[in-house]
Amino acid sequence: MLGSHTYLEFQPTGYLHMASLQSSPAWKALKAHHKKYAGLHMRDLFDADENRFEDFSLCRGGLFLDYSKNRVTKETMSLLIDLAKAADVEGWRRDMVAGEPINTTEDRAALHVALRNPLDHAPMQAMGEDVMPDVRALRIKMRGTADAIRSGAWTGATGSAIAAIVHIGTGGSHLGPEMVTQSLAPVHQSAPGGPAMHFISNVDGVQITTALDGLTPETTLFIVASKTFTTEETITNARTAKAWLVDALGSDAVANHFIAVSGNTQAVADFGIPPDNTFDLWDWVGGRYSVWSAIGLPIAIALGMDVFEEFLAGAHDMDRHFQDAPLDANMPVILGLIGVWNTDFLGSPALAILPYDEGLRGLPDYLRQLEMESNGKALDTKGRPVEVGTAPVIFGDPGTRGQHAFYQALHQGRQLIACDFIAPMESRHTTGSHHDRLLANFLAQTEALMKGRTEAEAVAAMEDQGVASAEMKGQLPHRIFEGNRPSNSIVADKFDAFTLGQLIALYEHKVFVQAVVWGINPFDQWGVEWGKELAAQILFEMEPDSYEAFSQEHCSSTLGLIARLKAHKAKTP
């Protein structure tokens with residue numbers, strides 16, 4: 001029983017007790033259902049049910065999910081709920097909130113939900129220890145630091161206030177703070193506002209050189225975010241930033257101009273950053289789930305700690321919904337199961353994230369890491385091959401910009417690409433008819449993907465447009481759209497800090513639901529580590545006198561490329 005074990009003897013429930021996902025009764029029932037109704041077109045589903053929109057939609061606070069434009073019936077959804085129950089989504093959900101080590105390969109809890117709990121919340125335990133005192137202390141320290149920087153009380157080595165923040169991180173330590181700050185700045189920037197924000201994530205020297213160009217060392221503060229404080233991209237950039245600062249102000253200036261967010265306090269101290277400027281990252285917080293932690297400090301500095309706490313409150317609201325709502329009325333569960341259906345039964349290899357809001361232009365990149373690094377796994381938690389498709393390829397672009405880039409493939413490409421359309425009913429800026437035009441495109445695209453266009457409709461459209469009869473025959477097949485392409489519509493009243501917190505937590509829990517169904521661990525990323533190890537080895541082998549040290553384990557292509565790079569470097573001044 002879930003309540004009878006301690007963390008030391010934790011045994012995951014659900015899928016791990018199944019002999020095979022595909023041989024489970026719930027999966028077999030879905031396969032039979034898909035085979036029986038494979039020819040259904042969504043046009044017919046809407047024609048047959050005038051209440052389809054009401055029956056296939058959910059609301060939680062300021063977020064509304066319409067999933068009626070998917071190839072599902074009430075029977076489909078009932079069978080998908082049966083699958084979730086068979087995989088014991090409810091049990092895994094309880095274990096996550098209980099702080100059990102559901103990150104099985106690393107024997108860690110995944111308790112990011114604790115980071116957005118109200119400060120007066122009851123104890124929450126990770127691996128048997130209450131984490132809420134640490135969470136409370138973190139919030140207090142974040143507020144003090146953000147307020148000091150925003151007010152000018154935090155000064156640099158020469159006594160000047162901080163005018164610019166350079167945030168150095170990569171992956172989960174970078175994508176969240178940049179995306180949220182970028183998204184919320186237009187609606188939450190308050191006078192006098194925080195310092196200018198710059199985000200550095202690439203080891204390519206062009207990025208940090210460009211960011212530092214024009215900045216003044218006396219008024220610049222660096223935040224170095226790395227859980228291990230050994231990530232190559234982050235530490236290389238941090239060393240470059242430190243050299244730039246020390247060259248201008250001397251080594252003693254580091255204490256006034258650097259903040260670290262890391263779980264490796266010794267490495268931080270060795271770098272020269274004092275404990276008062278160091279924010280802890282706990283091992284029960286995964287990188288791509290860490291925007292709610294001190295990794296979110298840039299948000300608090302740029303927009304104020306009150307805004308950051310509203311962001312946390314929105315996520316907590318979605319946490320409560322995910323924990324309390326029955327599976328068939330649970331927004332993350334429904335979104336996750338629809339994704340399983342589209343990936344494994346309809347064969348969709350990709351999911352397009354399409355925010356009709358320019359502020360959310362960083363959301364597709366953020367969700368790409370969340371989904372593909374979490375669920376891009378070929379093995380289940382027992383080390384056995386996963387029998388079905390897991391993470392789809394995630395891509396996207398905002399609004400009508402995406403329409404003029406890749407929507408052709410969404411409508412008429414050979415591959416079925418599922419879509420999540422996301423839009424606010426209220427604009428961030430009232431500028432003429434811009435927002436109405438944006439929303440008209442949002443609505444039109446979802447309907448066009450669903451309905452398609454028949455031959456008769458295509459002929460009628462050409463006649464209305466005055467296309468010459470001699471040209472109609474050649475154009476006709478290209479103007480017919482199959483339609484029947486699945487999409488979700490997620491509509492917010494407006495995208496403020498609260499609703500953005502809801503939205504991100506919605507996708508976090510959706511990914512978790514899918515991982516439970518597929519029987520994989522969404523909280524590790526071993527595939528990332530192997531490339532890092534090879535890069536460290538190759539970096540040494542690219543040194544001028546290291547040719548003989550080339551590892552014979554390299555393939556001829558890698559050896560040839562290393563030799564070519566070294567030869568070019570040798571003749572380049």
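This is a predicted model: local features need pLDDT of at least 70, side-chain atom pairs count only at pLDDT 80 or more; totals for chains, interfaces and linings use all residues.
Local features need pLDDT of at least 70 and side-chain atom pairs count only at pLDDT 80 or more, while totals for chains, interfaces and linings use all residues. Residues are numbered from 1 along each chain as its sequence is written, and side-chain values use heavy atoms, leaving out hydrogens and water.

View 1. Helix 14 spans residues 331-345; helices here are DSSP runs (H or I, at least four residues), numbered from the N terminus. From first C-alpha to last, its 15 residues reach 21 Å, close to the 21 Å expected at 1.5 Å a residue (that is, 1.5 Å times one less than the number of residues). Of these 15 residues, 15 are buried (under 20% relative accessible area, 1.4 Å probe, protein chains only). Just after the helix, look for Gly 347, with a positive phi of about 75°.

**View 2. Helix 13 meets helix 14.** The axes of helix 13 (residues 305-324) and helix 14 come within 7 Å and cross at roughly 75°; axes are lines fitted to C-alpha atoms over the stretch in contact, and angles run from 0 to 180 degrees between N-to-C directions. The two helices are therefore roughly perpendicular (65 to 115 degrees). Met 318, His 321 and Phe 322 of helix 13 touch Met 331, Pro 332 and Val 333 of helix 14, contact meaning heavy atoms within 4.5 Å.

**View 3. Helix 5 packs with helix 21.** Helix 5 (residues 89-97) and helix 21 (residues 497-518) pack at about 125°, axes 10 Å apart. Val 89, Trp 92, Arg 93 and Met 96 of helix 5 meet His 509, Phe 512, Val 513, Val 516 and Val 517 of helix 21.

Technical notes. Buried means under 20% relative accessible area, exposed over 50%, partly exposed in between (1.4 Å probe, protein chains only). Angles under 35 degrees count as roughly parallel, over 145 as roughly antiparallel, 65 to 115 as roughly perpendicular and the rest as oblique.
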